[in-house]
Amino acid sequence: MTTNDTLYNTQEVVHTKPPLVNVKRVVARSLRFWYLLVASVLAGLAIAYVVNRYTTRIYPIKASIIIKENEENLGAKFLYNNELVNPYRNHLNEVYIMKSYPLLQEVVESLHLEISMYKEGDIKTTEYYNPEFPLQIRLAKNYKQSGRPFFIKILDEQTFQIYYEGLDNDTKEAQQLRNLHFNDSIQVNGFKFYAHKKGNVGEHAGIPYLVVIRDSEVVAHQYSSRLKLTWAELQSSVLDLEIQGAVQRKEIDFLSKFIERYQLYDVQKKTRESKMAIAFLDRQLQVIGDSLQRYEDEVVNFKKQNVTVNLKAETDRLYQKMLSLEEQNFQYRLAENYNNYVLTLLKQERLNDVFTPQSVGIQDQVLAGLITELLAEQAAVNLYQNNSQRGVDKTSENPALQSKLQKIAILKQDIAKAISNAKATQEINQQFVRNQIAIIENQLRTIPNTERKLANIQRNFTLRENLYMFLLQKRAEAGLSEASTTSDIVVVNPPTVGGAITPKTSQNYLVGTLLGFLIPIFIFIVIEILNDKVQSREDIEFMTTVPVVGGIGHNREVETLVVINKPRSSMAESFRALRSNLNYFTENKSNQVFMVTSSLPGEGKSFTSLNLASVFALAGKKTLLIGADLRKPKLYDDLGLKNDLGLSQYLSNLATLDQVIQTSEIENLDMIAGGATPPNPSELLLKSQMKELVEHLRQRYDFIVLDTPPMGLVTDAFVLADLANHILFVVRQGFTPMPVLQSLEEYHQRGKLQNISIVFNDLRKSGLGYGYGSYGYGYGYGYGYGIYKNNESSYYN
């Protein structure tokens, strides 16, 4: 047999493996080390307390607004019959408008939120926000809005000091500016600011405040990402606003100012068209007013120079007809001015200044529809461009924006074409009106010269007066529309603070408790997974069909001969149980040979051989203990015998049988020591002389116990296996590797090791998960809380 043919030569598995994790053993280990679980849970609670104590508390601030429905916006139109109020409103766009950066930046700058102050504590620094703080820092215009933080400390009612790190990276030394006066301009780290004193600063003297100045655009960007806007319900016009922050008052002020600014934006958006129409009407009124004043002066001068003459009926009729034609001609000129004005705006790309023709009393439904659609598309483009100003979207890559721009280009062409068509139609109508006026003028020439001159003057005056009153009426309507415009944004719930959402105190304590409990359990599970040693009888039964003949507890004593020196101990009783159980394998026959072996040194093979032989001797059986471990003989020392002559000398024909058999102090127990270590122990054991020796001794002794070398290292035990009636394979709890049992099962199935049973040795752990709470006569061996002594390992060699 080669040296490779050992217990570690595993080629096939013939029995099932134990589960990866033995839950019972994990529970048993947890119960044993309960104090570690308690300490871990307490540590978890302590960490949770620190987290809850020093984590910045975040509060939700919520508000609700209602955006009035379309029908609620028609008051000005119905009251003044004014087309300037557009009732249509796309609520889906409102969320994007409210989160636009220009709007938020105005709120940030109005509240000076780009400037933050902090107070340093013993452990953490917290933000200090107080609008009534008597010292207010304001940035100077045309200076950058961000720089390194600095500390400011009030010295007295007149002065303060600043200290900060310099901008030079090579010199990080702090610099100080002392005895600075309030309201003076100060330049620090690249930006310029003013420290305004607004009240009594004495109570804040000596307290350092950390000042951090950031770019207002960056702050607006942050608020845009933090601001949450959600509709209260599907298809409702109530919008819920929420923002989360650590400083409650700061976030309340932000939401309040945000709603106020959004209401102002809504009003400005609605009055914008009215303002543009008023400006256009004012220019027309200026022109008509000058002409009206001139004709009014002519009427006065004519009446001074001539006697008033009553016009005849025919003259009056012609006069009224002429007046009507002049009014039509004015409407055409007004439409022509409006069309030219719109074309100019389109060429200059000033689409935001375009307004509908109804605003100035021009009734052109086709043109009005196109311009209304153009204004809606331009509003959408403005929204996209506002969002792209902070670099969030690239307008050149936005397909929705490109689609809008293409549609606007098409609408501009359609508007230009519609105006061109309208001009052609107006030219025909104007030519017709001019021809009619010429006919009436020819008819008026037939009347007396004085009456004709007066009729002309009164006609021109009345015409311009009517036109002036018409424009003045439209101007008043536009003014009333602007004055009566109110915001459609109504506050439902003002900003209120909710309970802190972080840290979640109860949840943190629960997580700390669970982690404190689960981490040790996880460690125990990892230990169980990584532990490949035999732990319980269940492990043995999972790995092999070789029966377990008995269990031997842990020897806490210095004594090796526990059966002799402590015959009433549980250890001695376990060997008696082993002796009894062996009768079931030997059928209670005498002249039996037992071979005791193991896989590795230190598993208790020699300890088991010595005490098993002793317990046979105590039963009155003539017993011989043979130290067949020729490489490391040592049993003789435990019996107080010598190793001068032993088995190696006998097999080498250097001594006789009677010379090597030694009688111990234990009655009925003899011993053949191993003798001097030979250079060829395996060859000596293979001699026929060894077999003849065993057969001869079998006749002289009731029981023979062979103590052999470990099977996992040398082949000596395999050589002697055929000489034994029964083989005891010693497995040590927590020491023997699991693959050993797999190899043992393989050899057993192949017939290389027959009549074999397992002795489960050194049972330190018993009970839950270890499957060996009691054995034999019902005694327990305890869990083994003792610690190995320096020489304890010799007990199992």
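Ile137 stands opposite Ala195 in strand 9. Strand 4 and strand 9 (residues 191–197) pair in the antiparallel sense, and five bridges join them. In this predicted model, the two strands belong to an open sheet of three strands in the order 4-9-8, where the pairing is antiparallel. The edge strands are strand 4 and strand 8 (185–188), each of which pairs on one side only. From one strand to the next the twist averages 35°. Strands of a sheet pair through backbone hydrogen bonds, either parallel or antiparallel.

Another open sheet has four strands in the order 11-12-1-13, again with antiparallel pairing. Strand 11 (228–231) and strand 13 (489–497) stand at its edges with a single partner strand each, so one side of each has no neighbour in the sheet. Neighbouring strands here are turned by 20° against each other on average, direction ignored. Strand 11 pairs with strand 12 (residues 238–245) in the antiparallel sense over four bridges, and within these two strands Leu229 stands opposite Leu241 of strand 12. Helix 6 (residues 216–226) lies across strand 11 and strand 12, and runs at about 120° to strand 12.

Strand 5 (residues 150–154) pairs with strand 10 in the antiparallel sense over four bridges. Lys153 stands opposite Pro208 in strand 10. Four of the five residues of strand 5 are buried, so this strand is largely enclosed by the rest of the structure.

In one of them, the rings of Phe133 and Tyr209 have centres 5.3 Å apart and planes at 70°, so the pair is edge-to-face. This pair links distant parts of the chain, as Phe133 is in the loop between strand 3 (125–128) and strand 4 (135–139), while Tyr209 is in strand 10 (residues 208–213), 76 residues apart. Phe133 counts as buried at 3% relative accessibility, and Tyr209 is buried with a relative accessible area of 2%. Phe594 and Phe703 form a stacked aromatic pair, with 5.9 Å from centre to centre and 25° between the planes. This pair too links distant parts of the chain: Phe594 in strand 15 (residues 592–598) and Phe703 in strand 19 (residues 703–707) are 109 residues apart. Both phenylalanines, Phe594 and Phe703, are buried. Elsewhere, ring pairs link Phe33, Trp34, Tyr35 and Phe524 into a cluster.

Which residues does Leu728 contact, leaving aside its neighbours within four places in sequence? Its partners are Val549, Leu582, Met595, Val596, Thr597, Leu612, Ser757 and Val759. Leu728 itself is found in strand 20 (residues 726–732). With a relative accessible area of 0%, Leu728 is buried. The C-alpha atoms of Leu728 and Gly550 are separated by 10.0 Å, although the two residues are 178 residues apart along the chain.

Among the contacts of Leu728 is Leu612, and the next element to follow is helix 16 (residues 605–618). Helix 16 has 14 residues and reaches 20 Å from its first C-alpha to its last, close to the 20 Å expected at 1.5 Å a residue. Of its 14 residues, 13 are buried, so helix 16 is largely enclosed by the rest of the structure. Helix 16 is followed by Gly620, which has a positive phi near 85°.

The overall figures set these details in context. The secondary structure of the protein chain comes to 23 helices and 21 strands. Of its 797 residues, 46% count as buried. Among contacts in the protein chain between residues at least 6 apart in sequence, 79% join residues at least 24 apart.

Conventions: Residues numbered from 1 in each chain as written. Predicted model: local features only at pLDDT ≥ 70, side-chain atom pairs only at ≥ 80, totals over all residues. Heavy atoms only, no water. Phe/Tyr/Trp six-rings, centres within 6.5 Å; stacked < 30°, edge-to-face > 60°. Buried < 20%, exposed > 50% of the residue type's maximum accessible area, 1.4 Å probe, protein only. Contact = heavy atoms within 4.5 Å. Pairing = 2+ DSSP bridges. Axes fitted to C-alpha atoms, helices over the stretch in contact; angles between N-to-C directions. Expected span 1.5 Å × (residues − 1).
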